[in-house]
Amino acid sequence: MAGAPALSAMHLSYYRRPLFLLLLAYSAGIFAFRDRLLRPPADLPFALPRAGALVEGRVTEYPVAVPGGLRFSLETSSVYGRPIETGLMVYASGEAGGASYGDTVSLLADLEVPPGASAPGSLDWRDYLARRGIAAQARAADLEVIKPAGPLLLLARRFRSSALASFRAGLEPGAAAVFGGVVLGEKKSVPAELKTAFQDSGAMHLLVASGSNVGFVVAVVYFLASRLGLRRRYAGLAALGLAGFYVLAAGLDAPLVRAYLMFAAGLTAWLLRRESGAFHALTAAALLILLPAPRYLFDAGFQMSFLAAYGLTVGLALWGRRLPAGLTGKVMGLLLVSFFAQLCLYPLLAVYFHKISLVSLLSNMVLVPASGLAMALGFLLALTGGPLFGALAWAAGLFMRFFIGAVKFFAGLPFASVSVPEPSP
């Protein structure tokens with residue numbers, strides 16, 4: 001217990017740092033002017049529905065498969081040749097002319113108002129899209145790429161599509177979909193009943209590419225570069241470069257960007273032999289994301305990513321050093337990691353999903369380490385071919401049966417999850 005005062009003092013000193021105080025002040029300013037920042041997207045200058053509108057714009061996310069074609073968000077540059085900047089949710093038939101993230105496209109679309117909530121308490125699709133800056137839906141049969149994405153993004157897209165194709169070629173559909181979620185955050189193809197099992201078991205976060213994915217890439221690349229004889233500066237630069245490429249391939253979501261900026265700040269400080277810390281890196285990452293895009297403060301993914309990282313950072317700083325040595329300490333460490341992350345997430349889960357998992361503390365002790373092995377197998381599947389691919393696919397399929405079986409086991413326990421009302425302020 002002699003170390004408790006020192007740990008408490010270190011913990012309290014976090015909140016006196018100028019960078020953290022600046023983050024608090026900036027966040028307070030964003031909150032004070034939230035009505036302007038969260039203002040619904042500007043209405044199109046004509047009534048909806050409207051058939052045959054000529055639209056040009058940039059694809060702002062990786063397309064996902066829907067019945068009959070693909071769905072993706074589009075940031076318009078013009079409608080009927082007139083400069084108009086707004087967001088559209090596009091449903092394109094077929095292969096959408098090969099369009100993907102970063103391409104500038106032209107399409108002839110039927111525009112309509114998005115549907116609202118189908119029942120009390122269900123998802124209000126119109127409100128959800130409005131909070132993303134999307135004013136209307138567009139259904140297009142005729143779409144053309146008029147300016148492809150830059151070469152680096154094109155390369156990242158090829159890696160992503162190749163990895164997902166490898167999963168589909170070597171695994172059963174359910175296992176391939178889970179690998180897509182764990183490795184690249186592509187969870188939209190996961191069957192609905194399996195998504196429910198992940199949610200009830202408290203493991204839904206494993207289907208979202210996040211900090212563990214970026215950390216895995218940084219650690220593996222740095223290790224391999226060091227073994228090849230590169231000096232630590234060049235090994236660190238190689239790790240950051242390939243991790244950045246991975247973040248592009250996975251879609252630049254807030255959890256990935258947060259994790260990449262944290263690792264970049266921490267690794268840069270280490271390479272320069274400067275004092276660094278996870279809390280300082282977390283603060284810097286939040287500022288770097290919010291400065292160009294203050295709306296992220298109100299985004300569920302941003303909030304959940306940073307609060308989970310905050311819980312781990314501060315919780316383990318206070319209690320991690322008190323763990324005993326040996327196997328007992330490792331088991332308790334897994335429990336603490338799960339506890340501190342879930343403790344910070346419970347309020348947000350209640351707000352956004354009206355459901356919390358009561359088995360998440362135990363399930364994550366098993367499923368989080370297992371997801372690390374899933375990431376390793378997924379990257380190997382994406383990067384290999386020939387007879388080795390067949391052997392890896394067999395091993396990955398066997399492992400995924402265990403992984404999905406464990407998710408369903410925890411989800412099926414009595415009172416695994418409970419519905420809760422939205423907390424009051």
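Biologist: What share of the contacts in the chain with a separation of 6 or more is between residues 24 or more positions apart?
Modeller: Such pairs account for 72% of those contacts, where contact means heavy atoms within 4.5 Å. This is a predicted model, in which local features need pLDDT of at least 70, side-chain atom pairs count only at pLDDT 80 or more, and totals for chains, interfaces and linings use all residues. Residues are numbered from 1 along each chain as its sequence is written, and side-chain values use heavy atoms, with hydrogens and water left out.

Biologist: How many helices and strands are there?
Modeller: The chain has 15 helices and nine strands. Both are DSSP runs numbered from the N terminus, helices being H or I with at least four residues and strands E with at least two.

Biologist: Why call the chain as compact as a globular protein of that length?
Modeller: Because its radius of gyration is 23 Å, close to the 22 Å that the globule rule gives for 425 residues. The radius is taken over C-alpha atoms, and the rule is 2.2 Å times the number of residues to the power 0.38. Along the principal axes, the C-alpha atoms fill a box of roughly 70 × 60 × 50 Å.

Biologist: And what part of the chain is buried?
Modeller: Buried residues are 45% of the 425. Buried means under 20% relative accessible area, exposed means over 50%, and partly exposed is in between, with a 1.4 Å probe and protein chains only.

Biologist: Let's turn to the strands. Which strands pair with β7?
Modeller: Strand β5 (residues 87-93) pairs with β7 (residues 134-147) in the parallel sense, over six bridges. Strand β6 (residues 104-112) runs antiparallel to β7 and is joined to it by nine bridges. Two strands pair if DSSP finds at least two bridges between them.

Biologist: Which residues of β7 stand opposite Tyr-91 and Glu-112?
Modeller: Arg-139 stands opposite Tyr-91, and Gln-137 stands opposite Glu-112.

Biologist: What about the loop between β5 and β6: are Glu-95 and Ala-96 buried or exposed there?
Modeller: Both lie in that loop. Glu-95 counts as exposed at 64% relative accessibility, whereas Ala-96 counts as buried at 3%.

Biologist: Where does the backbone have a positive phi in a residue other than glycine?
Modeller: Ala-96 is one such place, with phi near 55 degrees. Tyr-80 also has a phi near 55 degrees. Tyr-80 is in the loop between β3 (69-79) and β4 (82-83) and is partly exposed, at 36% relative accessible area. Most residues other than glycine have a negative phi, and most peptide bonds are trans.

Biologist: Which peptide bond is cis?
Modeller: The bond from Leu-48 to Pro-49 is cis, with omega near 5 degrees. Pro-49 sits in the loop between α3 (34-37) and β1 (50-59).

Biologist: Last one, Phe-20. What is it in contact with?
Modeller: Leaving aside neighbours within four places in sequence, Phe-20 is in contact with Tyr-14, Tyr-15, Phe-279 and Thr-283. Phe-20 is found in helix α2 (residues 18-32) and is buried, with a relative accessible area of 14%.

Biologist: How far apart in space are Phe-20 and Thr-384?
Modeller: They are 44 Å apart, C-alpha to C-alpha, and 364 residues apart in sequence.
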